[in-house]
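Take a quick tour of this protein model. Keep the sequence and the 3D view side by side as you read.

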Amino acid sequence: MEIILNPWPWYVSGPLIAMVMALLLYFGKTFGMSSNLRTLCAIGGAGKFADFFKFNWRDQLWNLTVVLGAIIGGFIATHYLSNDTLIDLNPETVVELQNMGFQNAGASLLPNELFSIEVIKSPKVLIILIIGGILVGFGTRYAGGCTSGHAITGLSSLQKPSLIAVIGFFIGGLIMTNLILPLIF
């Protein structure tokens with residue numbers, strides 16, 4: 001049980017991801033979470049209003065099992081397979097986060113200062129989450145996929161647009177973390 005409760009090392013999880021990607025490539029499938037939103041909208045009849053949603057969504061039903069598995073797996077992992085140890089953050093990162101107002105940096109995967117039910121009532125946090133959601137949605141559509149699709153599927157199949165997108169994700173993350181987030185908090 002100890003093996004399951006702790007994070008897996010790269011030399012276990014990396015080859016498992018590579019094996020899944022090899023199987024997907026063999027069967028001619030691509031992986032990504034954001035494409036499921038298009039499938040769900042097409043199932044709901046959005047093709048009547050926009051040509052983007054006019055496609056054979058039945059070919060993508062298999063990918064909805066990935067979403068279902070992520071939801072169920074996430075629930076099981078957080079409620080039954082998590083240990084209560086602190087996240088091993090760099091001490092300098094902890095100090096920087098505490099200076100921004102994050103009191104329990106590393107105590108949980110999601111900081112309570114942003115993701116607790118009580119904080120959602122704060123207009124500042126609500127605006128940050130809404131703007132962040134809009135930017136992620138826009139970026140996903142603009143880049144032609146999400147981080148998982150580009151970084152896992154796109155890079156493993158040596159697609160140049162995915163390399164450009166992943167570089168952009170990293171640059172955007174660095175800008176947000178080092179320039180914008182300190183100004184907000």
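Predicted model: local features only at pLDDT ≥ 70, side-chain atom pairs only at ≥ 80, totals over all residues.

**Nonpolar patch on the surface**
- Twelve positions need finding here: Met 1, Ile 3, Ile 4, Trp 8, Trp 10, Tyr 11, Val 12, Leu 16, Met 19, Leu 23, Tyr 26 and Phe 27 make up a nonpolar surface patch.
- Together they have about 1500 Å² of accessible area.
- Helix 1 (2-5) and helix 2 (10-26) each supply at least two of the patch residues.
- Helix 2 gives the most, with 7 residues.
- Met 1, also in the patch, sits in the segment before helix 1.
- Met 1 counts as exposed because its relative accessibility is 63%, and exposed means over 50%.

**Nonpolar core**
- In soluble globular proteins, nonpolar side chains tend to be buried together.
- The largest nonpolar core here has 6 residues: Met 100, Phe 102, Leu 114, Val 119, Val 125 and Leu 181.
- Leaving out residues up to four places away in sequence, Leu 181 touches Met 100 and Met 176.

**The ends of helix 5**
- Helix 5 covers residues 91-100, and Asn 90 caps its N-terminal end.
- A side-chain oxygen of Asn 90 lies 2.8 Å from the backbone nitrogen of Glu 92.

**A buried asparagine**
- Asn 36 lies in helix 3 (residues 35-43).
- Asn 36 counts as buried because its relative accessibility is 2%, and buried means under 20%.
- Beyond residues up to four places away in sequence, Asn 36 touches Asn 63, Leu 64 and Val 67.

How values were computed
Residues numbered from 1 in each chain as written. Heavy atoms only, no water. Polar contact = N/O pair within 3.5 Å; in protein donor to acceptor, adjacent residues only side chain to side chain. Helix = DSSP H or I, 4+ residues; strand = E, 2+ residues; numbered from the N terminus. Core = buried A, V, L, I, M, F, W, Y, C linked by side-chain atoms within 4.5 Å. Buried < 20%, exposed > 50% of the residue type's maximum accessible area, 1.4 Å probe, protein only. Contact = heavy atoms within 4.5 Å. Patch = residues over 30% accessible without salt bridge, like charges linked within 9 Å, V, L, I, M, F, W, Y side chains within 5 Å. Areas by Shrake-Rupley, 256 points an atom, 1.4 Å probe, with all protein chains shown as cover. Salt bridge = Lys/Arg side-chain N within 4 Å of Asp/Glu carboxyl O.
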